[in-house]
Amino acid sequence: MNLRRLIPIFDNSVSTWALEARLLRWLTFVWLFVGLIMLFSASYPVAEARQADGLYYFKRQLAWVFFALIGFNIIVNLPLRKILGKSHWFIALFLLLIFGTLIPGVGKKAFDAARWIALGPIPLQPSELIKPFLVLQSARLFGQWERLSWSVRLTWLGIFGLVLLGILAQPNLSTTALCGMTIWLIALAAGLPYKYLGGTAIGGVMLAVMSISLKEYQRKRVMSFLNPWADSTGDGYQLVQSLLAVGSGQTWGVGFGLSQQKLFYLPIQDTDFIFAVFAEEFGFVGSIVMLIILALFATLGLIVALKAKNIVNRLVAIGITTVIIGQSLLHIAVATGALPTTGLPLPMFSYGGNSMISSLVSMALLIRVARESSEAEVVPLRKPQSDFRQRRTLQKK
């Protein structure tokens with residue numbers, strides 16, 4: 001592989017890509033650029049207070065972006081069948097790491113949830129990194145469903161169940177719901193019988209209700225979501241401060257870098273509530289532009305899926321679009337009070353190397369599907385002999 005291709009700006013093959021692939025690539029870079037600018041603004045006060053360096057989190061995020069973009073360019077130039085052939089190994093690795101987070105002393109706790117494993121100074125969040133590979137393996141399984149034996153089907157369904165249960169046990173209900181919904185939608189798109197899908201959906205809802213019933217902090221979040229102002233300094237504090245930030249933006253916003261809520265009023269402003277800071281600084285207009293970017297990405301993802309040459313590629317496109325758009329909408333819904341408070345990062349906005357790698361790997365997979373869906377291999381035709389040459393050939397015979 002040409003090493004220059006590892007750096008996006010030196011990838012000369014882009015001009016030969018299909019239109020959808022090029023549009024997705026530029027939309028990804030625009031999204032990434034806006035996200036980095038927003039992270040700079042949202043993280044500066046907290047970085048200055050905690051690390052005595054306002055650029056601390058921003059510089060670390062740039063380092064993650066650099067490495068993630070190398071992986072991004074490798075994937076967009078690698079045949080999808082090769083990536084699909086290795087996806088089961090990544091599922092096995094991240095499944096072990098997910099259960100590793102549940103081991104006392106191994107898993108790193110934050111906000112009463114053990115979601116990380118520390119490898120020296122680098123924290124790994126396996127529930128975030130497994131998302132694109134769950135999409136790949138789900139597409140591979142359901143795309144070949146009719147050709148597989150029941151033993152293979154049940155084995156992989158059991159593995160998917162273990163992944164979801166492991167994430168739920170951390171506990172991380174929002175990521176569990178997102179991953180479960182993605183697998184379910186891929187199965188729906190693959191045409192699995194409704195009796196299986198209906199039973200799975202009912203089981204998933206019952207599992208979520210059971211989790212909320214057993215976990216006191218989840219139950220408090222749901223209650224505070226229904227009326228956050230009833231306990232505005234307690235369980236409803238995060239949502240109240242987020243709503244104040246969103247409302248303060250009004251039509252055009254208070255201006256870039258001028259958010260007041262990020263000055264230690266709004267908690268976790270550089271990750272779980274970064275959209276609230278964005279809405280305060282860029283207002284209703286900026287928020288609509290963000291939603292337009294999501295709509296464009298979803299439309300391109302749907303077009304890529306419809307153009308896919310085989311069922312597995314189509315399911316990969318549907319799954320990746322669901323993960324990226326679903327996670328973005330859930331984050332925005334939490335920040336605006338449409339859903340109970342939860343801990344989902346906004347792709348390519350929120351601080352965190354795991355989220356950045358997962359997002360750019362997912363984007364690269366969708367671009368790869370777009371390339372393979374529209375770039376047909378050209379087979380050269382043999383040039384027919386002229387009548388004169390044909391006659392001479394016949395005379396010689």
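At 5% relative accessibility, tryptophan 145 is classed as buried (under 20% relative accessible area; exposed means over 50% and partly exposed in between, with a 1.4 Å probe and protein chains only). The structure is a predicted model in which local features need pLDDT of at least 70 and side-chain atom pairs count only at pLDDT 80 or more, while totals for chains, interfaces and linings use all residues. Residues are numbered from 1 along each chain as its sequence is written, and side-chain values use heavy atoms, with hydrogens and water left out.

The protein chain has an average pLDDT of 89, and 91% of the residues score at least 70; pLDDT is the predictor's confidence in each residue, from 0 to 100. Over residues 376–388, pLDDT stays under 50. For this segment the model has two contacts beyond four places in sequence, a contact being heavy atoms within 4.5 Å.

Across the whole structure, 19 aromatic pairs are found. Rings of Phe, Tyr and Trp (its six-membered ring) pair if their centres lie within 6.5 Å; planes under 30 degrees apart count as stacked, over 60 as edge-to-face and the rest as tilted. The ring centres of tryptophan 145 and tryptophan 150 are 5.9 Å apart and the planes stand at 80°, so this pair is edge-to-face. Tryptophan 150 is partly exposed, at a relative accessible area of 43%. Phenylalanine 278 and phenylalanine 349 also form an edge-to-face pair, with 5.8 Å from centre to centre and 85° between the planes. Phenylalanine 278 belongs to helix α11 and phenylalanine 349 to the loop between α12 (311–335) and α13 (353–374), so the pair ties together parts that are 71 residues apart in sequence. Helices (H or I, at least four residues) and strands (E, at least two) are DSSP runs, numbered from the N terminus. Phenylalanine 278 is buried at 6% relative accessibility, and phenylalanine 349 is buried at 1%. Ring pairs join Phe278 and Phe349 with Phe256, Phe275 and Phe282 in a cluster.

The structure contains five salt bridges, each defined as a side-chain nitrogen of Lys or Arg within 4 Å of a carboxyl oxygen of Asp or Glu. In one of them, the side chains of lysine 307 and glutamate 20 meet at 2.6 Å, N to O. This pair links distant parts of the chain, since lysine 307 is in helix α11 and glutamate 20 in helix α1 (residues 19–51), 287 residues apart. Lysine 307 is partly exposed at 42% relative accessibility, whereas glutamate 20 is buried at 10%. Lysine 262 forms a salt bridge with glutamate 281, with the closest N and O atoms 3.3 Å apart. Lysine 262 is in the loop between α10 (237–248) and α11, and glutamate 281 is in helix α11, so the pair ties together parts that are 19 residues apart in sequence. Lysine 262 is buried, at 5% relative accessible area, and glutamate 281 is buried at 1%.

A nonpolar patch on the surface is formed by Phe284, Ile288, Leu291, Ile292, Leu296 and Leu329, with about 540 Å² of accessible area together. Helix α11 (residues 274–307) gives the most to this patch, with five residues. Leucine 291 is found in helix α11 and is partly exposed, at 37% relative accessible area. Patches are made of residues with over 30% relative accessible area and no salt bridge: like charges are joined within 9 Å, and nonpolar side chains (Val, Leu, Ile, Met, Phe, Trp, Tyr) within 5 Å. Accessible areas come from the Shrake-Rupley method with a 1.4 Å probe; for residues, only the protein chains shown count as cover.
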